[in-house]
Amino acid sequence: MQLANPNLLKTQNYINGEWRDGASTLEVRDPANGDLLAQVADGSAADTEAAVAAASAAFPAWKSKTAGERAAVLKRWYQLIMDNVDDLARILTLEQGKPLAEAKGEIAYGASFIEWFAEECRRAYGQTIPTHNPAMRLSTIRQPVGVVTCITPWNFPNAMITRKAAPALAAGCTVVIKPAVETPLSALALCQLAEEAGLPAGTINMVVGSDAPAIGKVLTEDDRVAKFTFTGSTAVGKLLMAQCASGVKKMSMELGGNAPFIVFDDADLDTAVASCIATKMRNAGQTCVSTNRIYVHEAVHDAFVAKLRTAIEALQVGHGCDDSVSVGPLIHRRAADRVQGLVQDAVEAGASVELGGEYLPHGENYFAPTLITGVNDGMRIAQEEIFGPLAPVQKFTDEDDVIRRANATPYGLAAYVMSENIRRANRVVEALEYGMVACNTGVFSTAVAPFGGCKESGIGREGGVEGMAEFYETKYCCFGA
Ligand code: SIN
């Protein structure tokens, strides 16, 4: 791999400030063409225990630093990431598949969490509480929870790490991260830059490993772990939550979604189409907040579909390193097969493929950006998280009915509303049972606002003041006279 800074290509685990081999290695391949990119240490449960021990040993010194001292190190980390954005984006595109421009966007997005939480940790204020008893003085202080363990996904191999690690480190916690085996190179490069920034040995540790059950058990059950945080599927999240229960660990869970995208008859259709493409085709549809169910008012259905079709036709599919490409491959063949299965199920149940609906000849992980109409809520495509470049459109006629249909899912992560009517927009945004609702835009993620879901989409928030609060214990202090 050609990089301006070859130091960023790390292939060992990072434990207690040392780069360590595993007992064996695992292969990292380019999802666009199957090329072998690197052999990376395959860490074990024992490596994970060593990482937790290092994080536990480093915690007292790190939490004792002032917020300003921690912020200074984190700001250096932020700056080093931004200085190396081109190389980091190249690594990300090669191992994950997203187009280079999106990868650069992810690096800047990921770095913004470090910058923002470095600033925010200076404001970890407690309270002085008006007392209930004149002979007592009451206050609260905020203290870091302790060792934080994280399991992060392959779809955002940079930003989902910084979104967890930055607030944890800023609060004074130490961290152990298990990145996805598909995309460890982006993760390990972050550790290299953390080391260069001066994060002390043991404050950040990373174990790449294929034995997810054994590593996950240590991360969720080790007595030295105070908090566990996960981004991934609801099914795996439920298993990990059960494991956390045995030690009553604190946890944050950012799980699956089934985002409705509602286009009212008073929507600006160009805004609606641009927003739909942004949320649906970002990362080839492989995001938790991707639009999953597109509900269009019958009066504008045909006009919207025609415009969406034109916009999808304009997308260029190919290798993410090619500047003209806007949609890359899916992460692996299983993902493409799943998408194909959803299309087949919908067609068998009466839906029509307007565009795409097939594998592409570019490579085995490519699936065509696809537009499907005539979808209904009973189809798998409307009930399961798609995680692919499939835009399934349904009709609706009535506001109350579409709200009911949009809410009729166990998921509650993100929802989208397209309307130029301010009263309706407010009404619908408030009625949707989701952790995040975007109105007249398809892009809303930012370090400064709380990201997360309700119902089976998760627990807790990442980003914003809420994301910081996840890593503090609030201690009530009562002083007798
Ligand atoms: C995700 O898909 O989990 C994250 C998407 C985002 O941060 O916008």
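1. Lys455 is partly exposed, with a relative accessible area of 37%; here buried means under 20% relative accessible area, exposed means over 50%, and partly exposed lies in between (1.4 Å probe, protein chains only). Lys455 sits in strand S20 (residues 454-455), where strands are DSSP runs of E with at least two residues, helices are DSSP runs of H or I with at least four, and both are numbered from the N terminus. Lys455 is not a glycine, yet its phi is positive, at about 50 degrees. As background, most residues other than glycine have a negative phi.

2. A word on where the values come from. This is a predicted model, in which local features need pLDDT of at least 70 and side-chain atom pairs count only at pLDDT 80 or more, while totals for chains, interfaces and linings use all residues. Residues are numbered from 1 along each chain as its sequence is written, and side-chain values use heavy atoms, with hydrogens and water left out.

3. Val248 is another residue to look at for its backbone. Its phi is near 45 degrees, a positive value in a residue other than glycine. Val248 lies in the loop between helix H8 (234-245) and strand S11 (250-254), and Val248 is exposed, with a relative accessible area of 72%.

4. Now the chain as a whole. The protein chain has 15 helices and 22 strands. Its radius of gyration is 23 Å, close to the 23 Å that the globule rule gives for 481 residues, so the chain is as compact as a globular protein of that length; the radius is taken over C-alpha atoms, and the rule is 2.2 Å times the number of residues to the power 0.38. The C-alpha trace spans about 70 × 60 × 40 Å along its principal axes. Of the 481 residues, 57% count as buried.

5. Take the contacts (heavy atoms within 4.5 Å) between residues at least 6 apart in sequence: 73% of them join residues at least 24 apart.

6. Next, a helix pair. The axes of H2 (residues 67-83) and H5 (residues 159-171) come within 9 Å and cross at roughly 155 degrees. That makes H2 roughly antiparallel to H5. Axes are lines fitted to C-alpha atoms, for helices over the stretch in contact, and angles run from 0 to 180 degrees between N-to-C directions; under 35 degrees counts as roughly parallel, over 145 as roughly antiparallel, 65 to 115 as roughly perpendicular and the rest as oblique. H2 contributes Arg70, Leu74 and Trp77 to the contact, and H5 contributes Ala166, Leu169, Ala170 and Ala171. By class these are 6 nonpolar, no polar and 1 charged. Nonpolar covers Ala, Val, Leu, Ile, Met, Phe, Trp, Tyr, Cys and Pro, charged covers Asp, Glu, Lys and Arg, and the others, Gly among them, are polar.

7. Helices H9 (residues 269-281) and H10 (residues 301-313) have axes that come within 10 Å and cross at roughly 50 degrees. H9 and H10 are therefore oblique to each other. Among the residues making the contact are Val273, Cys276 and Ile277 of H9, and Phe304, Lys307 and Leu308 of H10. The contact has 11 nonpolar, no polar and 2 charged residues.

8. Lastly, Asn376 is in the loop between strand S15 (370-373) and helix H12 (380-383). At 35% relative accessibility, Asn376 counts as partly exposed. Leaving aside residues up to four places away in sequence, Asn376 touches Ala382 and Gln394.
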